[in-house]
Amino acid sequence: PQNIMHKKSNFKLLLLISSLAIASCATQKSITQQAPGFLPNYSLLKAVDSPKGTQIYVYKNSAINPQDYNAAIVEPVTLYQDATSESTITAEQIEVARETITAGVKDIVSHKIKITDAAGTGVAKVQVAITGATLEHEGLKPWNIIPISAAITLAKKAANLDNKQAVMVVEIKVTDSLSGELIKETATTINSEEFRMQSNTVAEFEALANEWVSQALIYSNKK
């Protein structure tokens, strides 16, 4: 009975997310369609070897030695997915997903470095943002930022959207916890084929999100 209730809950939430996607796409001047500017300088990013279906872009500050850091603060993950008046999806539901993905990111980072809540010397700050987007050409620009649910909905249609491609975007920013100096930044674009059939429930999306963050960290550390 508990599994049945869980499946019903996931299905209900998926319907709510789908309705939000339709409303989001219809709102031409939504703030979610503007570039978030999460990373400080996108022009510094360079493409690196990446897993199939993804493209990872990385910048590492050559003036900073990563070995000087022995702990990291992991900030709550930013999800570009809002509750709106056009949908019955709630802020609480979004918060649950955010907390779950944040816990996953902390687990990933903890395998490499100690996790702390206190800023200090030798402590880095890790911030992650996940959003949907449509890319008009290969590469990072130009892109239109859209809610996560909208990207999933467009991907499931598997249609050519006027030469636009629906993708998921995962951005990671690592800075010094005291000075704010940029240590590393990454941006990963995930092709719709990699998530359109594997994001049917919130739990599946959470698992995919943590996998993308893990890949970005692993590949960005390669020389």
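Me: How many helices and strands does the chain have?
Reply: This is a predicted model. From the N terminus on, the elements run α-β-β-β-β-α-β-β-β-α-β-β-α. The chain therefore has, by DSSP runs, 4 helices and 9 strands.

Me: What percentage of the residues in the chain is buried?
Reply: A residue is buried when its relative accessible area is under 20%. The chain has 223 residues. Of these, the buried share is 47%.

Me: Among contacts between residues at least 6 apart in sequence, what percentage joins residues at least 24 apart?
Reply: A contact means heavy atoms within 4.5 Å. Counting pairs at least 6 apart in sequence, those that join residues at least 24 apart make up 73%.

Me: Is A63 buried or exposed?
Reply: A63 sits in the loop between β2 (54-60) and β3 (71-74). Exposed means over 50% relative accessible area. A63 has 67% relative accessibility, so it counts as exposed.

Me: What distance separates the C-alpha atoms of A63 and I183?
Reply: Along the chain, A63 and I183 are 120 residues apart.

Me: How far apart in space are S149 and T131, C-alpha to C-alpha?
Reply: S149 is in helix α3 and T131 is in strand β6. S149 is buried, with a relative accessible area of 1%. In sequence S149 and T131 are 18 residues apart; C-alpha to C-alpha, the distance is 9.1 Å.

Me: At what angle do α2 and α4 pack?
Reply: Two packed helices are described by the angle between their axes and the distance between the axes. The axes of α2 and α4 are 9 Å apart. α2 passes α4 in a right-handed crossing. The packing angle of α2 and α4 is about 35°.

Me: How do the residues of the contact of α2 with α4 divide by class?
Reply: On the α2 side are V96, A97, T100, I101, G104, V105, I108 and V109. They meet V202, F205, E206, A209, N210, V213, S214 and L217 in α4. By class, the residues of this contact divide into 11 nonpolar, 4 polar and 1 charged.

Me: Which residues that line the largest pocket are the closest to its centre?
Reply: The largest pocket has a volume of about 710 Å³. Its lining has 21 residues, and the closest to the centre are P66, K112, I113, K184 and N221.

Me: Which element supplies the largest share of the lining of the largest pocket?
Reply: By class, the lining has 13 nonpolar, 4 polar and 4 charged residues. α2 (91-110), β6 (123-135), β9 (182-191) and α4 (202-220) each supply at least two residues. The largest share is 3 residues, and it comes from α4.

Notes. Residues numbered from 1 in each chain as written. Predicted model: local features only at pLDDT ≥ 70, side-chain atom pairs only at ≥ 80, totals over all residues. Heavy atoms only, no water. 1 Å grid on protein atoms, 1.4 Å probe; cavity = no way out; pocket = protein on both sides within 12 Å on 5 of 7 lines; lining within 4 Å. Points joined across faces, edges and corners; volume = space filled by probe spheres on them. Nonpolar A, V, L, I, M, F, W, Y, C, P; charged D, E, K, R; others polar. Axes fitted to C-alpha atoms, helices over the stretch in contact; angles between N-to-C directions. Left-handed = near helix turned anticlockwise from the far one by under 90°. Buried < 20%, exposed > 50% of the residue type's maximum accessible area, 1.4 Å probe, protein only.
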